[in-house]
Amino acid sequence: MKPLSLKLKNIGAFAGEAQIDFTQLNEIFLICGKTGSGKTTILDSICYALYGKLTGVRSDHLRMMRSQYVADGEESSVMFEFLLAGVEYRVLRILPQSYENRNKKLAEKSETVKLFKCETGKYKEIPGKKTEIDEKIKNLIGLSLEEFSKIVLLPQGEFAAFLQLNSNEREQALSKLFPVDDYKAITELAVNKSKFYRQELSAIENQIAMFKTDYDEQTAGENLQNLVDEEKQLNEQNDLLRQELMTESAAFERADHLKRQIEDFEENKKKLAGFEQEKEQIEEKRRRVLKAHLAETVKPYYDNVRLSEQKLQQNSTALAEKKEQLEQVKNERQQLDAQKQTIAELKEHNPVLSLQIHSLEQARELVHKEQELQNAFEHETSLQCEKKDNLQRLAQTFATAEDEVQRIKDSVSPENLELLLSADNEADRALQTAKEQDKQFKSYSVTSSRLGEVEDSLQKHGQKVAELQKQITMLRQETEMLEKQKQFEQQNQAAVVLAKQLEEGKPCPVCGSIHHPSPAAMLSSLTSDELIAAKKQLLEGVTQDNAETEKKISSLLAQKESLQEALKDMPQFVDFDPAAELAKAAAKRQQTKNAYDEAKRLSNSLGQKEKSLFQLKNTIDAVKDELAQLAATIQGIMSQKQAVSEQLSSLLKNSGVAGCDTSGIVDEQIQSLKSQFEANENTINNYEMQLSENQKQCAAFEGEYGSLGRQQQLFALEAENCKSELSAKLAETAFDSVDEMLDCCLEPQISGTLSAEVEEWDSEYTAVKALVSSVPAGIADAVVPDTTQIEQNIENIKQRMSILNDRLQAVAAQKQSLADKASGLAKLEEQRRQLSQESQYYCKLADDLSGKNPLGLRFESWILGVYLEEVTIFASRRLERISDGRYRLLLKTSPGSGRQRYSGLDLEIFDAYTGKKRPCETLSGGETFLASLSLALALTDVVQSKSGGIQLDSLFIDEGFGSLDDAALEKALSILDEIRETRMIGLISHVGELESRISSRIEVIKSQNGSRISIKRN
């Protein structure tokens, strides 16, 4: 991840917008500024943009990122653009913001985040919810916030935190930096597998114990045979009872059939007698139904007569109503005719009102125009006063400037300038001479100091060569020992594989022995190839350092000889202070230069002041011209106002409102006339509408009245015809009158019900009569048999069979139970045997991986130790170089543990000056910074090499350089110079030496209204 740009809006000390373009900076740059200006806020903003959180002690102060210089309603946001794997990304994160809702209660707008990807030169938003976008950004970077703050951004006050962690804390940190999840998964899988086998074995053993509490294998066979014999006897008894049941059931069926025949015969005889009693009623219903059918043929003619009489009556009523409406409309017409004269007068009066309204509206416009002219007069008069005041001030300024120009002319002359210039040149020559002497003195001092440093460095490098020779010998011995140990372990693993196949009594495929008292066992710990490779890599590095140190000794000897020769040719300074002479010459030079510059400034300013004086005179003339124009304008406005006033007076007099010269009186008069005009128009329109409507109604009612009279004649003729048809139809039937016919009519529902009753009675009567006639001979005189005894015998047999069946089921259940227990016990024993055989390897492996081994070491801890040792190898190379070979970082080993070097993850320092090891906490502040820097860079290198998807293209360090002396600072910067070819490096520091060494920087400038950012690149 390489930063491209950072845009802050109302963040921390930055009010408004502040932007940093990292592409304008070199690969190593400095972030500088006063304390509290907002330097650390820049790094915090990068963390917040990527993770929505802050690191370390500032993690609880996220809300303090919002600037205190802006109002509550303004938005605060961070936009960060970065390059990753050749692709540009943009993150926009807006801080949560409090606001007052509609209920006047304090609410909060939640944080929002957006992620963009640059495609074809344009940023396109990647959709998703906040949690999804946060996860996508984390996956892109490949690091969590905690990991990011340990290997990319090293916060203020926490730079040396990783160096000073204890073993447990360092294990938690390393497990998040290195890919140990697979190793943890292996351990977890082995532990879960062993736990599963142990639980299964325990469960099976519990089941076996429960089986044996109620199952005895010795008595089970005897009990099973007794149950088989009893089951045979019960089946024989059941067969006999089944035959008895069949005999009794056949007798019961014969008696029951005869009983039902006798009962059916008696029932049908009773039904037939009942039908004979209902016969007369049914015949009466039959006759009634026939008369109703005949009356239904006459009923339609009767209905036609009633309908024709009803229509005749309705038309007669409508004819009378229409006649009344027609008379009412004619009366309204007479009333409208009486209003004709009034309407004619209104039509003549309205044009007069319209003319009066028009005249008054013109008068109102003149009143408004008169007011506008009055306002213009007042405005121009006020402007005229202002111009006069301005002219007076300009005249005073002109007089003052004219006096100043004359004073400068009197005080500056060419002769005086020539004398000042000559004195300044003489002082400058004296200053150059002093600088040359100071330069020679500094060169002599630097050469002498450098000669002393070279001699000290020769002594230290000689000691380092001796130490490195010892390390090379020791590392070669350790590497050879590890390779031999690895070869022995491989042979042991082959023997362990062979030992698993050995069985007592069978010959060994190697020695042929049939007894195996001491089979090979798996070693508690194994030597890893990574450890051997690390040892070899360390040996190679130490050998290379030895060669480089010897080359450096040769170079230092040459430098010593060269420095000694240079000192012979330099002048010797005795009782001479070049710095004091230089300061004295510089002060004299500054004094002459200031005098000449002041005279030159005054001479140069004379032309500009004369030009300003001329411009000021032109301005005065222009103001005078403007005043003349304003006087003419005011005179014109007064003339227009007089003409408008005269025209307004004439209009008001002609309109009948003379003397009323205010716009309010005119408006009231216009409104009154308009109201009267509108009322007249409404009256005329209403009259014409009523007249037109009356004419239409009169014509329509006359037509409707004539139509209703013609329909009345037709309906009367139709009624006479319907009566004649009813009389003719009635004469064809046996009915004597209409009333008799109506009495015989029945409702359709009643008629249908009567017909259905007659048909149902006829059908049932015929069926019952047939059943009584078809009864076999002898049934009428037979006696009903008694089946009570037979039913009792059948019930007794069923009870005895039920008892037998219950016992048979119980015997079968007991047999099945014995068989199930025997089978279940055998299966459980087989399962226990198989699980015991399978579980022994998993349980042993789980114990070894989870720390239940002679070393008490967990698998992932051992892996992290391997990674940490590789980190210390890389860190030690840099630390030795920047500490002149004095310090090396080592992974601490347990006392007296020999090869058991991974019992912890503690670090310690080897001091080549004392030849002893000591805790990291004993280092000074500057030494701790250098050790922490070496460790952080090594962590970055190893993490990037182990996690191929992570690209660490930048490094930010917040403070820490202030604890370094000049030599240590020089060495720390040389280390950073080495890595800036592959990474962008940003430093925050107050050290002045860094500002002179690092030309590319971000300057944070502090003020009372907030800070601002300035980019400088020399």
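Helices here are DSSP runs of H or I with at least four residues and strands are runs of E with at least two, both numbered from the N terminus. The model is a predicted one, in which local features need pLDDT of at least 70 and side-chain atom pairs count only at pLDDT 80 or more, whereas totals for chains, interfaces and linings use all residues. Residues are numbered from 1 along each chain as its sequence is written, and side-chain values use heavy atoms, with hydrogens and water left out.

Two loop residues may be taken at the outset. Aspartate 884, in the loop between helix 16 and strand 11 (887-891), has a positive phi of about 55 degrees although it is not a glycine. With a relative accessibility of 29%, aspartate 884 counts as partly exposed, a class lying between buried (under 20% relative accessible area) and exposed (over 50%), as computed with a 1.4 Å probe on protein chains only. Alanine 85, found in the loop that joins strand 4 (77-84) and strand 5 (87-94), also has a positive phi, near 55 degrees, in a residue other than glycine, and alanine 85 counts as exposed because its relative accessibility is 58%.

Among the helices, helix 5 (residues 181-213) has 33 residues and spans 48 Å from its first C-alpha to its last, close to the 48 Å expected at 1.5 Å a residue, where the expected span is 1.5 Å times one less than the number of residues. Its buried residues are Thr187, Ala190, Ser194, Tyr197, Leu201, Ile204 and Ile208, and what covers them includes helix 15 (788-849) and helix 16 (859-882). In helix 11 (residues 578-654) lies threonine 592, which is buried at a relative accessible area of 10%. Apart from neighbours within four places in sequence, threonine 592 is in contact (heavy atoms within 4.5 Å) with Ala423, Asp424 and Ala427.

The structure holds 7 aromatic pairs, counted when ring centres of Phe, Tyr and Trp (its six-membered ring) lie within 6.5 Å, with planes under 30 degrees apart called stacked, over 60 edge-to-face and the rest tilted. One of these pairs, tryptophan 761 with tyrosine 765, is stacked, at 5.1 Å centre to centre and 5 degrees between the planes. Both residues lie in helix 14 (residues 748-773), 4 residues apart, about one turn of the helix. An α-helix has 3.6 residues a turn, so residues three or four places apart point the same way. Tryptophan 761 is buried at 8% relative accessibility, and tyrosine 765 is buried with a relative accessible area of 13%. Elsewhere, ring pairs link Phe22, Phe29 and Phe956 into a cluster.
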